[in-house]
Structure formats: structure tokens, C-alpha cells
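The sequence and structure come first.

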Amino acid sequence: MIQGTTSDAGKSTLVAGLCRLLARAGVRVAPFKPQNMANNAAVTADGGEIGRAQALQAFAAGLEPRVDFNPVLLKPTTDIGAQVVIHGRAVHTLSARDYHAYKPVALRAVLESWARLQEEFEWILVEGAGSPAEVNLRARDIANMGFAEAVDIPVALVADIDRGGVFAQIVGTLECLSPSERARMRGFVINRFRGDLSLLAPGLQWLEERTGKPVFGVLPHLGKLALEAEDGLAPVERTARARLRVVAIAWPRVSNHTDLDAWRLHPEVDFHWWHGGPWPGADLVVLPGSKAVQADLAWFESHGGPALLRRHLRYGGKIIGLCGGFQMLGEWLDDPLGLEGAPGGRPGLGLLSLRTRLDSRKVLRRCRGRLAATLGGAEVEGYEIHLGVSEGPALAHPVVIGEDGVPDGALAEDGQILGTYWHGLFDSAPAFAALAHWAGAALSTEDAVQRREAAIERLAAAIEAHCDWRRMLGVS
């Protein structure tokens, strides 16, 4: 099991790289995260949803994503509540306190998935969540040491030196563990190191003497590693060769923001996340998915967002709405059951003539088809993961046509606005090129699968070069 001193210490990427190294060695290996908290989800082949990091790790292991790789997924709807997804299906929306009481039920689901994977795979690489040093959450823990002790597996700890205080991170984490948990800790990996390793060597020696445990490796900082972020918004690196300006709205409850990676990582795109405040100006504005559509729209209004969009359109700019962002573009949002907050309805942005009503049926499916002929007809693959049904005249001009003949989305008659429920719309190189042309620029293209494959290979090579991973895992 790989645990971390903090969130975003590098657990997900380390597991992905180790999956690739073991798979390359001919080992049947699977990733596993007992409990994940993220609004960035992937749809499995069997129509369930799991954390996107586990889908990435499955790809690294040469596997199709499946619900057993992440049996419990928490999708935050507020600061103190989340939708609870068990084995790929949403079963409850619970407060943090109520979920704590629910954990014994969740643990049964975790152990069921663990048992199934043990029957099929030689190796299972487990990713923890957050930090095992959260002593307030030790009781009923199913995400870190609670799980490791329940199934009796060893642990390695990864720490992020780029944040500073890496020795305090590691020693402080060990001090917060019980004696049996400390004994379970096999050693450490230090992540995101920049600089002269010889200057770090005295600290590594001190750490090993202080803890009696080895440092298995010091991984270098891998800039521009094109892998999907598990939850937090990935950083943006400015480009000097911009041909298109793209702004994406960073809702407080943004979901599936990896839809924007094709724009964010493109060397010819000047990309910004907008968190409120000064407007950077754009050729294209993207309204991504949201886990709390009405609340996020209210936040957008409080920051003057609708007026900024109207001005953007007056100057000829384009707008794309994805999933929850697509719903916001309509005239009305209705949530009679209170699935994403208090029951009720409210006006949308009024930019597309459609209305959306949330119901308890959640759509989870992979999809394949083509962009509408008016957008060039390029092939596209994606997935749907949403609550709600949208109706209205705008849907007479769809954005995509599925291979089953079912249309989706809406393209405004003036050609400036489009919206769709399909995620992954930009990951197909032909579709990305067509939509970039629609937005106003001819951009070079790169297939998302090829980009991901290159990033995983780069990650695996770094682990192999800078980490004694075989010793860490205890493999010959």
C-alpha cells in the first residue's frame, strides 16, 4: 500500500508508475483504492463510476477500468456532505458525520472487492487517501492504516519535498501512528525533488537513523507530466506561442475537470482557470461539469459571471458548456427532490432554449459517435455521467450524434454557443481540431491516449531510475 504524508503527495502517480513497471515485467497487477473522495470520475465498461486516478492506474496496468478498483467513491456536494457511490452506483447523500457512522457498511463493500481482486491478480497496489496521520479519523478508518491492518499488508510512505518540510512530514506522520502501524511502514519515497541530490544526502541519512527505516528513492520533479489530476485543479503553465485564449470556469464544486486537459496542456493555447476576480479575456469560454449546479451558478452570478459572458458573446466569443455547464446555459434548472441541495428551481443563464429537471436516475455510460455535420462530423468518443433530463427547442440542433443514432446537446442558431452531456469531447484529436477551428484557431493535435501513454512511460522510467522499487515491493 502506498500512503502519503498529505493529499497530492504523489500516491496516485507512484501507483500508476509501479503498475506499469510490474505489468511490463509480466506480472498480473491491479490498482486498488478502498475509498476515494473526488468529483473527477470515470465511467467503467460495465456502467459504474470510479475515481479517475484508478482509471488511469488501470490503463497503466493494461486493464479496463472496473468498479472493484475503487469500491467506495465520495463525491462532495457541500463542505460537509457527499454523494456516496458504492461499487459504481450512487446509494446515498450523507453528511460527514452520517458517513462516519456508515463506514462499517462501506468496509464490507471494500472487502468484497478486495477478495475478488485477490482471486484474479498476483499483485494489488493499493493507494491510500489523504494522510494516515489524521488521528481524528482513525476510528473506523477504511482508507489508510485501518484498511492496511484489516487485510495485513505492508505500507510505503510518499512525501512531497516541493511543499517544504519533508522530514517533518515523514517523522510527524510516524509519530501519529500506533506502534503496530509504525511497524507496518516499510520505508519512504520522497517526491518532486529539484536540485543537487548530494545536498539532500545528510538529511536522508538522518531520516534513516531517526526512524530505522530506509528511503527507497528520491523522485525528480517531472514538469508538464500530462496525467489526469485526481481531484484538485491541475496547475497551468503559461505558453509563449498562444494562438487561442481559453478560459474555464472553476466552479466551487467543479467535476470532471480533466475534460479541459486538451486545452490546458496545449502549447498553442493560453489557458486560464477563472476563480472570480479580474476577467482575463478569451476566445473560448468553457463551463465544465458541476456537482452542485444551482449552487455553482449562484456563485457565478455573485462574481458577475453572466454579464462577463454576455460581453464575451457581443465581441464574437464562443462558449462550450459540458454536462452541468450545459444545464446552466438553459433557461431553467429544476431540482424537485433536492438531489444537489435544497429542493426547488431557479433560472439558468438563458443562453440556450432548454430546461433541465433532475431526477433520481443517474446516467452512466460510455458513448461513441460523431460531431454534428455543422461542426464537421469528426469521430468522437466520450462518456456520460449526470443526473437530469434536458428538454427544449435548442435540442433540435445537436452537437453530437451517437453511433446508436441518438443525438445529444445543442448548438445555438448563431453558432456561438454549444453544450453537451458528453465528457471527453476534446480527447479525440479530430474532434479537438474541429472544435478549435470552430472556436477560431487551427491548432496542432495530439491524441489523449497517446499523450497519456507517453506520460506513464516517462513516469515509469523515472521510478526505475531513481527508486529501488523492487526492494520497496519485496519482489526479485
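In this predicted model, Asp68 has a relative accessibility of 10%, which is under the 20% limit, so the residue counts as buried. Asp68 sits in the loop that joins α2 (52-60) to β6 (72-78). Its side chain forms a polar contact of 2.8 Å with the side chain of Arg116. When neighbours within four places in sequence are left aside, the residues in contact with Asp68 are Phe32, His87, Ser113, Arg116 and Leu117.

Helix α1 packs against helix α13 with an angle of about 85° between them and an axis separation of 8 Å. An angle of 65 to 115 degrees counts as roughly perpendicular, so α1 is roughly perpendicular to α13. The residues that make the contact are listed by helix.

| Helix | Residue range | Contact residues |
|---|---|---|
| α1 | residues 11-24 | Thr13, Leu14, Ala16, Gly17, Leu18, Arg20, Leu21, Arg24 |
| α13 | residues 448-466 | Glu453, Ile456, Glu457, Leu459, Ala460, Ile463, Glu464 |

By class, the contact between α1 and α13 comprises eight nonpolar, five charged and two polar residues.

The last item comes from a record. An unreviewed UniProt entry lists residues 245-429 as "domain: CobB/CobQ-like glutamine amidotransferase". Over residues 245-429, the chain is 39% strand and 16% helix. The end C-alpha atoms of residues 245-429 are 19 Å apart.

Notes:
Residues are numbered from 1 along each chain as its sequence is written. This is a predicted model: local features need pLDDT of at least 70, side-chain atom pairs count only at pLDDT 80 or more; totals for chains, interfaces and linings use all residues. Side-chain values use heavy atoms; hydrogens and water are left out. UniProt positions are given in the numbering used here, feature names are shortened, and annotations may be inferred rather than shown by experiment. Helices (H or I, at least four residues) and strands (E, at least two) are DSSP runs, numbered from the N terminus. Axes are lines fitted to C-alpha atoms, for helices over the stretch in contact, and angles run from 0 to 180 degrees between N-to-C directions. Angles under 35 degrees count as roughly parallel, over 145 as roughly antiparallel, 65 to 115 as roughly perpendicular and the rest as oblique. Contact means heavy atoms within 4.5 Å. Ala, Val, Leu, Ile, Met, Phe, Trp, Tyr, Cys and Pro count as nonpolar, Asp, Glu, Lys and Arg as charged, and the others, Gly among them, as polar. Buried means under 20% relative accessible area, exposed over 50%, partly exposed in between (1.4 Å probe, protein chains only). A polar contact is a pair of N or O atoms within 3.5 Å; within protein, one must be able to donate a hydrogen and the other to accept it, and residues adjacent in sequence count only if both atoms are side-chain atoms.
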